[in-house]
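My notes follow in the order in which I checked things.

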Amino acid sequence: MSPTGPTTPTSAMSPTNPQSPTNPQSPTNPQSPTNPQSPAGRGFELVPTREALEHALARSHGRTAVVMTMGALHDGHATLVRTAREHVGPNGFVTVTVFVNPLQFGAGEDLDRYPRTLEADLKTAEQAGADVVFAPSVDEVYPGGAPQVRIPAGPMGERLEGASRPGHFDGMLTVVAKLLHLTRPDVAFFGQKDAQQLALIRRMVRDLNFPVEIVGVPTVREGDGLALSSRNRFLSAAERRTALTLSRSLFAAHDRLAAQHALHARAEAIPGTPARAAALSAIGEARAAADAHAVAKAGPGGADAVRAAARAVLDEGARAQPPLVLDYLALVDPATFTEVPDDHTGDAILAVAARVGATRLIDNLPLTFGAPQ
């Protein structure tokens, strides 16, 4: 789709949203295999207008899929396209949209700075298995100027990213709705890196009865753990080292939760006798040794301890040079994006946003409380 996490408006036509799927638990260095070709006998093409898109869609047989982007495609986007191709099969039809949506950029955001690399984007999309790239101009998407009727994101759209970027999600949902109408997919693929965006799109589709299935694809990470983003190219070497604090904080929280689950399970297996604390200390984990009694009584992973583990790493990043300037760290319910209590059980999303130099980055990690990690 397009609008999402790191976004920047732009004028004319083109590139778009950087979404980035990723492996939720550990960094991976995705190679970027080119997807099996588009079905035999069907050519790949670039279409810049709604009329040309209609003609292209008329060629489709079987299930149809869309991947919305703002261009500057990287392997995160390519993973979305490959996943879409696998989902619809060789006889399906995959459309990639490349559009930098001005509506989702606020004052002072980097619309003009957003990278535009359409020629390279076309190659990436074709190799990943797309049939068509729809790369319209702003006038093509918004004939007559900015739309007077837009889709408000509601209360969820005012939290976290919405609080930091007022109006961003209204603009995102408006363009997603338009592109869903224009591309008419059976299924649409979005990266989990933009978790709040994904949740809002799912809510819009459900509340407004869009006839489309929404599929989230895990975040893709570089070998050092940094979530793939079109904005990473703006980081200097020193800034990139600081930026790694975001993913390190998420992995530290994940490790803390896994340790809590493991210690709780072992504590449950140890008889409730005076020897219990000594037995826990003998387990060998440093966290258990610090306070065996507290660990023994702990539930299967408290949310507050997970937040604290992430914040400790982010505090280190704030002391780095250049420093990490934290926007927010939040452990939220995936359906509402409200903070979860310390005794939360079930799924949650640990989300973080920060600036390093002039570049704003976001990342998140799905976690499950009350189950082994």
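Predicted model: local features only at pLDDT ≥ 70, side-chain atom pairs only at ≥ 80, totals over all residues.

Residues are numbered from 1 along each chain as its sequence is written, and side-chain values use heavy atoms, with hydrogens and water left out.

**Entry 1, the hairpin.** I looked up strand 8 (residues 346-356) and strand 9 (residues 359-369), which pair in the antiparallel sense over eleven bridges. They form a hairpin with two residues between them, and Gly357 in the turn has a positive phi of about 65 degrees. Leu350 stands opposite Leu365 in strand 9. Strand 7 (residues 324-332) is also antiparallel to strand 8, joined by eight bridges, and there I found Leu324 opposite Val356. Eight of the eleven residues of strand 8 are buried, where buried means under 20% relative accessible area, exposed over 50% and partly exposed in between (1.4 Å probe, protein chains only).

I then traced an open sheet of six strands, paired in parallel in the order 1-4-3-2-5-6. Strand 1 and strand 6 (213-217) stand at the edges with a single partner strand each, so one side of each is left without a neighbour in the sheet. The twist averages 25 degrees from one strand to the next; for such angles, axes are lines fitted to C-alpha atoms, for helices over the stretch in contact, and angles run from 0 to 180 degrees between N-to-C directions. Strand 1 and strand 4 share three parallel bridges, and the bridge partner of Leu46 in strand 4 is Val133.

Which residues of helix 3 (residues 118-128) are buried? I found Asp121, Leu122, Ala125 and Ala128. They lie on the same side of helix 3, because they cover an arc of only 140 degrees around the axis, the arc being that of the directions from the helix axis to the C-beta atoms. Glu119 and Lys123, on the other side, are exposed. The buried residues pack against strand 1 (45-47), helix 2 (75-88), strand 3 (93-98) and strand 4 (132-134), with contact meaning heavy atoms within 4.5 Å. Just after helix 3, Gly129 takes a positive phi of about 115 degrees.

I defined a nonpolar core as a set of buried Ala, Val, Leu, Ile, Met, Phe, Trp, Tyr and Cys residues joined through side-chain atoms within 4.5 Å. The largest has 46 residues, and Val176, Leu180, Phe190, Ile201, Ile214 and Phe337 touch the most other members. Helix 6 (residues 168-183) gives the most to this core, with nine residues. Another core, of 26 residues, lies apart from it and includes Leu250 and Leu367. I also saw that helix 6 lies across strand 2 (64-69), strand 3, strand 4 and strand 5 (187-191), at about 145 degrees to strand 2.

The chain averages a pLDDT of 84, and 77% of the residues score at least 70, pLDDT being the predictor's confidence in each residue, from 0 to 100. Over residues 1-37 the pLDDT is below 50, and it stays under 50 over residues 285-299.

Conventions:
Helix = DSSP H or I, 4+ residues; strand = E, 2+ residues; numbered from the N terminus. Pairing = 2+ DSSP bridges.
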